[in-house]
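Have the viewer open while you read.

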Amino acid sequence: MDKNGKILIVDDAKSNREILSEILNQYTVIEAKDGYEALEYLKSDSKSVALVLLDLVMPEMDGFEVLKYMNQNHLIEEVPVMIISIDKDDKSIEKAYELGVSGYITRPFSSAVVLKK
């Protein structure tokens, strides 16, 4: 991954965003507390985002809705998305891949796995 690109972490839990930011401290990290905030950032500056780490389970706008928007607006073709979620359900994982994600990491996760992927 290009170290000049930004990683957008989208998770409603501040503690999860903080943990991921710490793991990825060698990169420029941007945080969004929900899907709406993530999409606003992507609409304004998707070219600078090298990767989106997206939680699926969030209030108001969940990760699937973010993925649908990204597909409808062809952002999924420009910006890879990696799911980081507690949801281990096969249907959710299959749906995420159908919507174009590059990978799926379940929580709790290890820093080695996050950095490797």
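Leaving aside its neighbours within four places in sequence, which residues is Thr 106 in contact with? Point 2 has the reply, after a word on provenance.

1. Ground rules. This is a predicted model, so local features were kept only at pLDDT of at least 70 and side-chain atom pairs only at pLDDT 80 or more, while totals for chains, interfaces and linings use all residues. Numbering starts from 1 along each chain as its sequence is written, and side-chain values use heavy atoms, with hydrogens and water left out.

2. Thr 106. Beyond the neighbours within four places in sequence, Thr 106 is in contact with Ser 85, Asp 87 and Lys 88 (contact means heavy atoms within 4.5 Å). Thr 106 belongs to strand β5, residues 103–106. Helices (H or I, at least four residues) and strands (E, at least two) are DSSP runs numbered from the N terminus. With a relative accessible area of 29%, Thr 106 is partly exposed; the scale is buried under 20% relative accessible area, exposed over 50% and partly exposed in between, using a 1.4 Å probe and protein chains only. Asp 55 is 51 residues from Thr 106 in sequence, yet their C-alpha atoms are 9.7 Å apart.

3. How α2 sits on α3. Helix α2 covers residues 35–45 and helix α3 residues 63–72; their axes come within 9 Å and cross at roughly 20 degrees. Axes here are lines fitted to C-alpha atoms, for helices over the stretch in contact, with angles from 0 to 180 degrees between N-to-C directions. The two helices are therefore roughly parallel to each other (angles under 35 degrees count as roughly parallel, over 145 as roughly antiparallel, 65 to 115 as roughly perpendicular and the rest as oblique).

4. From α2, Gly 35, Leu 39, Leu 42 and Lys 43 meet Val 66, Tyr 69 and Met 70 of α3. That set divides into five nonpolar, one polar and one charged. Ala, Val, Leu, Ile, Met, Phe, Trp, Tyr, Cys and Pro count as nonpolar, Asp, Glu, Lys and Arg as charged, and the others, Gly among them, as polar.

5. The buried side of α2. Gly 35, Ala 38, Leu 39, Tyr 41 and Leu 42 are the buried residues of α2. They are on the same side of the helix because they cover an arc of only 160 degrees around the axis, the arc being that of the directions from the helix axis to the C-beta atoms.

6. The buried side of α3. In α3 the buried residues are Gly 63, Phe 64, Val 66, Leu 67 and Met 70. Seen down the axis, they fall within an arc of 155 degrees, so they line one face of α3. Their cover includes α2, β3, β4 and α4.

7. How α3 sits on α4. The axes of α3 and α4 come within 10 Å and cross at roughly 20 degrees, so this pair is roughly parallel too. The crossing of α3 and α4 is left-handed. Phe 64, Leu 67 and Lys 68 of α3 meet Ser 92, Lys 95 and Ala 96 of α4, a contact made up of three nonpolar, one polar and two charged residues.

8. Ser 92. Is Ser 92 buried or exposed? Ser 92, in helix α4 (residues 90–98), counts as buried because its relative accessibility is 10%. Leaving aside neighbours within four places in sequence, Ser 92 is in contact with Leu 56, Phe 64, Asp 87 and Tyr 104.

9. Two phi values to look at. Most residues other than glycine have a negative phi. Glu 60, not a glycine, has a positive phi of about 70 degrees; Glu 60 lies in the loop between β3 and α3 and counts as exposed at 69% relative accessibility. His 74 also has a positive phi, near 60 degrees. His 74 is in the loop between α3 and β4 (81–85) and, at 45% relative accessibility, counts as partly exposed.

Notes:
A crossing is left-handed if the near helix is turned anticlockwise from the far one by less than a right angle, and right-handed if clockwise.
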